[in-house]
Amino acid sequence: MAEAADRALYSCRSRAAELFGLEQPEGLIFTPGCTWAINTVLCGCLKPGDHVIISDLEHNAVVRPLHWLKQKGVEVSRAHVTEGDAGATLRSFERELRAGTKMIFCTCASNVSGVMPPTAELGELCRQKGILFGVDGAQAVGTENVTAASTGADFICAPAHKGLYGIMGLGLLALCGESRPLPLARGGTGSLSALREQPEALPDFYESGTLPMPAVCALGEGIRAVQQTGRERIRNHELSIVTYIYEELRRMPGVTLYTRCPRPGCHAPLLSFNIGDLSGSEAAARLAETGICVRGGFHCAYDAHVSLGTSQRGTVRAAPSMFTTHSQAEELVRCVRAAASR
Amino acid sequence: MTMKMLIIGSSTRTMRAQELLMHKGIAARIRRLDDPSEGCVRALLVEDGQAGRAKALLAEGGINVHRVDDKR
């Protein structure tokens, strides 16, 4: 039974490594979540005196460890992401570069607005400057092209439970380059038990404790489904849902949108909006009464709301999946219209 | 037929090693060992005559064989 579990673990790891374009499965690390993966990169690489640049769209999984690291002597700068303007975004990051810059860490897609910074260009910038590049792929993996080659990233962080259709409680850290952050935890690895030191071989170096095998197996099947369906096909489907909703809400009195119409390469397939003068949470609650599942509030990404101009009220976020149907999108539009007219 | 144990260490590496050898036509079975100096290690069981070639192939594939033991 243990051998069967080992095989299932290896199978999922190999699938995930292939998804990110890693040469070997050992470079794919399972973590307790995407937040843990991001913390491993930030806390494992950055030391007092180092400088890191992030975007103004980052999730608290990035903001909070850096806030803690700042108190330990790491310097943090924020660059502005201009929707749909890769050049302006790149220049904003370049302006923040300095002699001690060690890393750029950036989201692949905002979990609030869907806006996608130009990660390939940022990866090239980091390569030219000889600095590390980490990406938060939480809202992009599964629909966008997030691989070692496409991003030029040293580290890709992702959750199992979003675009890869796994369950909560598992994350992935793809080690794309040669850099090895220090692990956040040390302990039993199921190998070399007599050693007092943490085994250095991958992935054991980063995987202490018992892995959540139900989550690993679920992720393996989720990745299989994404690969069989086709990432681009999923993205095109979800974008068609989001653009339909966008066009309907754009014409709807009492509804506020915050981005341009989502389009491939510039936006991940999700949409933030508000209804009347309701807060995001209030609007989401009103929609929930009619059976519509959306997320309201600040989405653990207050910086993104500051950037969007919604820091006083948050937003409602609609994020379809490969299973969302157009009739469900039509129902959402009907319910938003009803809520907006109350 | 005598067999050799290629001591590799981690489960992931050992599985990849097994895949690699099987692609090259070398049969290899995974064994879990309790090594008194290292603790739990994974190893590949291969025919004695194939052990040298297997070790070289694994080295080409980036997998370090810690040592080669006689089958226990």
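**Helix packing and a chain interface**

Helix α1 (residues 11-23) of chain B packs against helix α2 (residues 51-60) of chain B at an angle of about 115 degrees, with their axes 10 Å apart. This is a predicted model, in which local features need pLDDT of at least 70, side-chain atom pairs count only at pLDDT 80 or more, and totals for chains, interfaces and linings use all residues. Residues are numbered from 1 along each chain as its sequence is written, and side-chain values use heavy atoms, with hydrogens and water left out.

**Exercise 1.** Work out how α1(B) and α2(B) are oriented to each other.

*Solution.* Start with the terms: helices are DSSP runs (H or I, at least four residues), numbered from the N terminus. Axes are lines fitted to C-alpha atoms over the stretch in contact, and angles run from 0 to 180 degrees between N-to-C directions. Next, use the classes: under 35 degrees is roughly parallel, over 145 roughly antiparallel, 65 to 115 roughly perpendicular and the rest oblique. The two helices are therefore roughly perpendicular. Now find the contact (heavy atoms within 4.5 Å): Ala17(B), Leu20(B) and Leu21(B) of α1(B) touch Ala54(B), Leu57(B) and Leu58(B) of α2(B).

**Exercise 2.** Describe how chain A meets chain B.

*Solution.* First, count: 17 residues of chain A are in contact with 18 residues of chain B. Then look for salt bridges (a side-chain nitrogen of Lys or Arg within 4 Å of a carboxyl oxygen of Asp or Glu). The rule finds three across this interface of chain A and chain B. Finally, zoom in on a pair: Glu26(A) forms a salt bridge with Arg16(B), with the closest N and O atoms 2.6 Å apart.

Definitions and conventions
Chains lettered and ligands numbered in written order.
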